[in-house]
Amino acid sequence: MAIIGWILIIALFAVGLAGAVYPVLPGALAIYFAFFVYGWFFSFEPFGVWFWIIQTLIVVVLFAADYIVNAWGVKKFGGSRASTILSTIGVIVGPFVIPAFGLVLGPFIGAVIGELLNGSSLEKSLKVGFGSVVGLFSSIVMKVILQIVMIVLFIIWVAWF
């Protein structure tokens, strides 16, 4: 039974990290759920109140920052509200519409269309589209780092507490 528990925990960690790149996967929630799997299969004893507070704060930061960093990339390059919204939609829809390149092209195309609809020139629209991609990659790096922190904290708590 212990082997099944660890397989599930590791699988949830993998799904969580993959979710940092592929927004359809649950990401941080999968990692958070792995903590409950550990508790159900082994024990909740190592997890005190501080563990749950820290992990929950990281998850909240991940959810908020995911949208904020993407919007920051669009705004930093002069984007409008329309380009921010369409870029976010592009992050979600892009991988389905263009499977191989949709994660990058989705927000780019969304931001460009948003700017064009807002009356901006093609040159500015392309610049804002580039900003959406910069925001996307910044968000991915940040999510991977914070999710690794979640996993490392879990390992520390299980090993030393």
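This is a predicted model: local features need pLDDT of at least 70, side-chain atom pairs count only at pLDDT 80 or more; totals for chains, interfaces and linings use all residues.
Residues are numbered from 1 along each chain as its sequence is written, and side-chain values use heavy atoms, with hydrogens and water left out.

Let us begin with the whole chain. Its secondary structure comes to 6 helices and 0 strands, where helices (H or I, at least four residues) and strands (E, at least two) are DSSP runs numbered from the N terminus. Read from that end, the elements run α-α-α-α-α-α. Along the principal axes, the C-alpha atoms fill a box of roughly 60 × 30 × 15 Å. Of the 161 residues, 43% count as buried; buried means under 20% relative accessible area, exposed means over 50%, and partly exposed lies in between (1.4 Å probe, protein chains only). A contact is a case of heavy atoms within 4.5 Å. Among contacts between residues at least 6 apart in sequence, 65% join residues at least 24 apart.

Now turn to a pair of helices. Two packed helices are described by the angle between their axes and the distance between the axes. Here, helix 5 (residues 102-117) and helix 6 (residues 122-160) have axes that come within 8 Å and cross at roughly 140 degrees. These axes are lines fitted to C-alpha atoms, for helices over the stretch in contact, and the angles run from 0 to 180 degrees between N-to-C directions. On the helix 5 side, the residues making the contact include Leu103, Phe108 and Glu115, while helix 6 contributes residues including Lys124, Ser125 and Phe137. By class, this contact has 15 nonpolar, 3 polar and 2 charged residues, counting Ala, Val, Leu, Ile, Met, Phe, Trp, Tyr, Cys and Pro as nonpolar, Asp, Glu, Lys and Arg as charged, and the others, Gly among them, as polar.

Side chains of opposite charge can pair when their charged atoms come close. The structure holds 1 salt bridge, meaning a side-chain nitrogen of Lys or Arg within 4 Å of a carboxyl oxygen of Asp or Glu. Lys124 forms a salt bridge with Glu115, with the closest N and O atoms 3.9 Å apart. Glu115 counts as buried because its relative accessibility is 0%, whereas Lys124 is partly exposed because its value is 36%.

The loop between helix 5 and helix 6 holds Ser120. The side chain of Ser120 makes a polar contact with that of Glu115 at 2.6 Å. Such a contact is a pair of N or O atoms within 3.5 Å; within protein, one must be able to donate a hydrogen and the other to accept it, and residues adjacent in sequence count only if both atoms are side-chain atoms. Ser120 itself is buried, at a relative accessible area of 15%.

Further along, Lys143 lies in helix 6. Lys143 is buried, with a relative accessible area of 9%, and its side chain reaches the backbone oxygen of Ala20 at 3.2 Å. Not counting residues up to four places away in sequence, Lys143 touches Gly19, Ala20, Leu62 and Asp66.

Finally, look at Phe41 in helix 2 (residues 28-41). Phe41 is partly exposed, at 30% relative accessibility. Leaving aside neighbours within four places in sequence, Phe41 is in contact with Met1, Ile4, Gly5 and Leu8.
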